[in-house]
Number of protein chains: 2
Amino acid sequence: MFRTAELGRKVSKRDFERQEPVLRQELLQIQQELREDGSFPVILVFAGVDGAGKGETVNLLNAWMDPRWIVTRAYGEPSDEERERPEFWRYWRDLPPRGRIGMFLSSWYSRPVLDRVFRKIGGAELEQRLERIVAFENALSADSAVILKFWMHLSKKAQKRRFKSLEKDPLQSWRVTKRDWEHWKLYDRFIEAAERTIMKTSTGVAPWTIVEGEDHHYRSLTVGIAVRDAVRRALEDARARRQLASLEKAGKNTEGGDAEDRTDTVGTVLETVTVLDSLDMGLSLEKPRYREELARAQAELNLLHRKALERGISTVLVFEGPDAAGKGGAIRRLTAALDARHVQVIPIAAPTDEEQAHHYLWRFWRHLSRAGRFTIFDRSWYGRVLVERVEGFASEEEWRRAYAEINDFEEQLIEHGTVLRKFWLHITKEEQLARFQAREKTPYKRWKLTEEDWRNRERWDDYAAAVNDMVEQTSTKKAPWVLVEGNDKRFARVKVITTVCEAMARVLGDGND
Amino acid sequence: MFRTAELGRKVSKRDFERQEPVLRQELLQIQQELREDGSFPVILVFAGVDGAGKGETVNLLNAWMDPRWIVTRAYGEPSDEERERPEFWRYWRDLPPRGRIGMFLSSWYSRPVLDRVFRKIGGAELEQRLERIVAFENALSADSAVILKFWMHLSKKAQKRRFKSLEKDPLQSWRVTKRDWEHWKLYDRFIEAAERTIMKTSTGVAPWTIVEGEDHHYRSLTVGIAVRDAVRRALEDARARRQLASLEKAGKNTEGGDAEDRTDTVGTVLETVTVLDSLDMGLSLEKPRYREELARAQAELNLLHRKALERGISTVLVFEGPDAAGKGGAIRRLTAALDARHVQVIPIAAPTDEEQAHHYLWRFWRHLSRAGRFTIFDRSWYGRVLVERVEGFASEEEWRRAYAEINDFEEQLIEHGTVLRKFWLHITKEEQLARFQAREKTPYKRWKLTEEDWRNRERWDDYAAAVNDMVEQTSTKKAPWVLVEGNDKRFARVKVITTVCEAMARVLGDGND
């Protein structure tokens with residue numbers, strides 16, 4: 001794999017000085033267009049052999065372009081705040097928004113490769129971690145990110161030469177450490193792990209470019225040109241897409257085509273029975289028993305949470321359901337049993353403009369709490385496959401791929417040791433109507449009812465179908481969907497708290513999960 | 001001070017049960033109005049004697065209101081990411097946006113009081129730290145925040161009784177720790193420090209309410225009612241202000257009043273000579289000497305930054321100046337000497353909607369980097385007293401108080417050990433014209449020139465007056481304004497880098513600052 005990067009390719013100083021000013025201006029120009037276009041971010045990953053010029057190249061790109069619109073990040077040991085979240089949290093929070101460039105050194109590739117080199121993990125675990133990376137990059141790319149990855153290469157001999165020459169230069173000698181020489185001895189292992197990594201993670205949407213690192217003129221131009229071409233192409237694609245979209249729109253308008261006309265009739269007929277129909281919506285709890293069971297469940301929850309805090313085990317809960325299903329009430333019965341200092345309830349409404357400038361999962365990653373805390377989402381990332389699907393805010397391709405993205409996200413929470421439960425609070429269509437009408441009559445509850453609620457109601461069956469698919473696609477053993485029969489609020493609240501207790505007990509206690 | 005809080009006031013269970021449902025509904029209602037109004041945040045601080053019910057009260061308020069719109073925070077030992085920034089960074093990042101409520105336990109008051117109790121600091125230092133708090137709260141309040149602070153009190157005897165009774169209850173005994181008893185022995189010292197604290201920090205805009213903590217019915221109603229009334233009053237004020245503003249606007253429109261008519265003529269005549277006129281705008285550097293000096297300065301900067309990284313000393317630089325003054329170019333010469341991994345350049349343009357929902361300093365606090373890094377602001381918090389003042393985006397009261405707010409912010413950076421320099425890159429009006437014209441002619445630079453640039457140019461003298469005041473008000477020994485003669489770009493760039501080197505050397509080296 002690396003043979004071609006040991007050919008000794010060079011660019012003469014003269015050639016470099018001729019090409020550099022042109023390339024530089026082109027890069028600046030493209031960066032400016034990227035900002036103006038604002039429809040996608042650019043992610044550049046740099047990895048490779050030490051001494052092959054990763055850092056220098058990143059610095060040069062920063063010097064060639066306008067550093068104000070570039071985010072450059074390198075990662076050492078995680079901070080304690082990072083350690084308390086899943087591994088990828090630190091990368092998610094540094095992702096550039098649309099219109100900007102992010103450069104990543106010792107990125108998400110660094111740990112898996114080094115862990116393999118030092119035999120902390122076996123080949124199978126390496127593969128698994130590379131799959132995680134592929135899923136991450138696929139998700140970003142599907143959301144329009146341009147991803148380029150550069151492997152800066154040096155042969156073992158060349159690396160030795162490079163270290164020796166740096167050591168001789170008094171201004172550069174600090175760059176070579178004992179650790180570098182130790183790593184050098186493991187060169188072959190390193191290359192082996194790297195080869196595997198590149199092989200598994202060079203995808204159509206996030207390809208690796210192997211760059212011969214010995215001649216700095218050659219490597220700088222190679223990387224610069226690759227960046228220029230990729231961004232240029234992406235800008236052209238973005239423009240073409242927009243043109244096409246506006247043409248299509250114009251065409252539709254003259255044809256009088258109906259945007260509503262997109263339902264798949266056969267599917268609709270087939271899917272009339274959904275998982276929601278299997279619920280026994282008559283389940284209820286009498287008031288005295290409710291009081292008793294609620295108090296018991298809340299006391300248990302309180303105890304479990306104190307235990308979880310001590311052990312640093314976090315809990316993430318998701319609440320979804322039709323309007324007026326009682327999500328807010330159920331959440332309040334939950335939080336009443338918890339210490340408010342260690343709980344955050346995140347209501348999900350329209351994204352802010354900062355959130356809009358990122359992948360749709362970004363705004364959930366950013367809310368993950370530190371170790372031991374409760375994070376409760378009132379509506380969640382499932383909006384993508386529910387309201388966004390039903391209302392057509394997300395394209396079919398977008399919501400279809402969201403299942404895999406969501407599963408991957410939740411898997412990371414689980415692997416980190418987080419307790420995760422997802423509640424679908426269900427009510428029947430009749431019960432919803434009754435609750436809407438009651439809200440209309442109660443002055444201080446009237447604000448809760450909006451035009452939108454009535455509109456959503458008309459789409460009841462579409463939502464039921466979406467819920468059915470969602471449960472099918474994303475209910476896993478460790479992160480199951482809990483369907484809650486919600487016509488009786490008392491029954492629903494107790495079921496929610498009891499379920500959370502069971503889930504926590506399993507992870508904390510002597511359970512055999 | 002605490003005598004009135006040891007009177008044994010009580011509310012009977014019956015009275016509580018009669019009042020609670022009403023208060024609860026009022027609080028919910030008010031919380032809803034607060035969200036809809038969206039023009040100010042509410043900040044509730046809870047402090048006091050252990051066992052006096054701080055935590056319980058916060059939990060109760062969370063249960064009474066809708067926890068989705070409340071942020072509750074308590075602070076233990078700072079995380080490493082917090083330790084690497086000034087102390088108040090952790091509080092700034094948790095502040096609630098407009099329309100929401102933030103509840104703070106063991107807040108910014110906890111450390112000064114405890115440090116004083118344990119004699120880690122003397123009385124004079126306590127006073128200083130309380131002044132910092134007053135400045136913080138004043139700034140938030142001036143930006144519309146409603147701030148209420150509750151001191152939950154127990155007499156020494158009552159605290160003992162409370163601990164004993166908690167210890168007897170198997171479900172509560174975990175609440176009482178060894179540390180609590182140790183603290184109890186220091187009760188008198190604690191009360192002394194608390195008294196001083198309350199005396200110094202109970203201001204008109206952020207008053208302390210001392211709450212007798214023994215009877216939980218009494219304390220819950222007292223706090224709940226205080227919150228209800230304060231928020232209600234603030235909502236009324238906000239409405240009245242809006243009405244007044246729209247009346248005034250209507251009045252002005254019919255009178256044909258001119259919004260431009262607000263310049264103070266006497267001031268304008270007097271201020272024609274500004275600090276900028278004292279600059280020798282003829283300063284320049286020939287190309288060969290420039291190259292040499294730039295290279296030397298960059299090499300020194302690189303060395304100093306490596307030293308700073310090792311020692312964890314951060315650098316914050318601010319760049320301001322007229323359009324086309326060469327800020328971007330100067331910043332690029334700086335970053336070219338640095339390792340891009342440890343630098344962030346923050347371009348300040350219009351705030352995002354999340355930023356808009358906070359105090360104007362919030363968006364600068366959030367960008368402070370971890371230890372040892374460079375943070376370079378291309379335009380900055382000084383926008384408040386420059387463009388916002390000149391264009392009338394900030395009211396006179398707002399930009400006038402900004403000087404003190406800015407000085408306080410910068411003082412915190414300095415105290416944290418950060419190197420801070422502020423550059424005003426100056427050019428003459430003629431030079432600006434020449435650069436605008438050159439930009440118009442160069443295709444790939446044309447985007448840099450906007451209508452706004454021409455409009456700003458018309459306000460040249462207003463800006464000069466604003467700069468004069470800004471330098472006068474905010475140039476301090478440790479955080480000086482550096483006025484850079486920018487007609488010659490080469491001279492300016494070298495001066496900037498040299499200045500940064502000197503500042504860093506002073507903090508890092510054998511300097512005697």
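Mentor: Let us begin with a term: a nonpolar core is a set of buried Ala, Val, Leu, Ile, Met, Phe, Trp, Tyr and Cys residues joined through C-beta atoms within 7 Å, where a residue is buried if 20 or more other C-beta atoms lie within 10 Å of its own, exposed if 12 or fewer, and partly exposed in between, with C-beta atoms placed from the backbone. This is a predicted model, in which local features need pLDDT of at least 70 and side-chain atom pairs count only at pLDDT 80 or more, while totals for chains, interfaces and linings use all residues. Residues are numbered from 1 along each chain as its sequence is written, and chains are lettered from A and ligands numbered from 1 in the order in which they are written.

Trainee: Which residues touch the most other members of the largest nonpolar core?

Mentor: In soluble globular proteins, nonpolar side chains tend to be buried together. Here the largest core has 222 residues, and Phe46(A) and Phe46(B) are the ones that touch the most other members. Leaving aside neighbours within four places in sequence, Phe46(B) is in contact with residues including Val58(B), Phe104(B), Leu105(B) and Phe150(B), contact meaning that the C-beta atoms, placed from the backbone, lie within 7 Å.

Trainee: Which residues of helix α7(B) are buried?

Mentor: Helices (H or I, at least four residues) and strands (E, at least two) are DSSP runs, numbered from the N terminus. In α7(B), the buried residues are Gln159(B), Arg162(B) and Phe163(B). Seen down the helix axis, they fall within an arc of 95°, so they line one face of the helix; the arc is that of the directions from the axis to the C-beta atoms. These buried residues pack against α8 and α9 of chain B, whereas the face turned away from them carries the exposed Lys157(B), Lys164(B), Ser165(B) and Lys168(B).

Trainee: How many residues of chain B are in contact with chain A?

Mentor: The count is 34 residues of chain B, in contact with 33 residues of chain A. The largest share of the chain B side, 5 residues, comes from α2(B).

Trainee: What rotation superposes chain B on chain A?

Mentor: Copies are superposed by least squares on the C-alpha atoms of residues with pLDDT of at least 70 in both. A rotation of 180° with 0.0 Å of shift along its axis superposes the two chains, with RMSD 0.0 Å, and that is the relation of a two-fold axis. Moreover, 97% of the interface residues of chain B are also interface residues in chain A, so the copies meet through the same surface.

Note on methods:
Contact = placed C-beta atoms within 7 Å.
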